[in-house]
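User: I'm new to this structure and would like a close look at a single part of it. Could you pick up one residue and walk me through its surroundings?

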Amino acid sequence: MRCTVALTALAALATTALGRVYYEETFADADSINSFVPSKARDDMGAIKLSAGNWYSDEKNSVGLQISEDARFYAYTSKLKRP
């Protein structure tokens, strides 16, 4: 019984250690927003921009996507770097 529990715990740890990151974006440069493609499903899509927001501790490391228009639909895609 102890052996079964130990093997189950070992198998659980091994599977979590083999996780992969399929998409990661750091927004390190201003051109990183160009990798996002807006959907053509609607004509009234809102625009996105890069911003650190109003409250941040480090402006360079806090940059992310910000929706820039109220009451709009947003649908953007970006290709995975690893399929």
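User: Let's take Ser 32: where does it lie, and what does it touch?

Analyst: Happy to. Keep in mind that this is a predicted model. Ser 32 sits in the loop that links α1 (2–17) to β1 (37–38).

Is Ser 32 buried or exposed? Its relative accessibility is 7%, and buried means under 20%, so Ser 32 counts as buried.

The side chain of Ser 32 reaches the backbone oxygen of Asp 29 at 2.9 Å. Leaving aside residues up to four places away in sequence, Ser 32 touches Glu 25, Phe 27 and Leu 50. As for the chain as a whole, take the contacts between residues at least 6 apart in sequence: 52% of them join residues at least 24 apart.

For contrast, look at Leu 80, in the segment after β4 (76–77). Leu 80 has 51% relative accessibility, and exposed means over 50%, so Leu 80 counts as exposed. Together with Tyr 22 and Tyr 23, Leu 80 forms a nonpolar patch on the surface, with about 300 Å² of accessible area between the three. The chain exposes about 7,200 Å², and carbon and sulfur atoms supply 57% of that.

Notes
Residues numbered from 1 in each chain as written. Predicted model: local features only at pLDDT ≥ 70, side-chain atom pairs only at ≥ 80, totals over all residues. Heavy atoms only, no water. Contact = heavy atoms within 4.5 Å. Areas by Shrake-Rupley, 256 points an atom, 1.4 Å probe, with all protein chains shown as cover. Patch = residues over 30% accessible without salt bridge, like charges linked within 9 Å, V, L, I, M, F, W, Y side chains within 5 Å. Salt bridge = Lys/Arg side-chain N within 4 Å of Asp/Glu carboxyl O. Helix = DSSP H or I, 4+ residues; strand = E, 2+ residues; numbered from the N terminus. Buried < 20%, exposed > 50% of the residue type's maximum accessible area, 1.4 Å probe, protein only. Polar contact = N/O pair within 3.5 Å; in protein donor to acceptor, adjacent residues only side chain to side chain.
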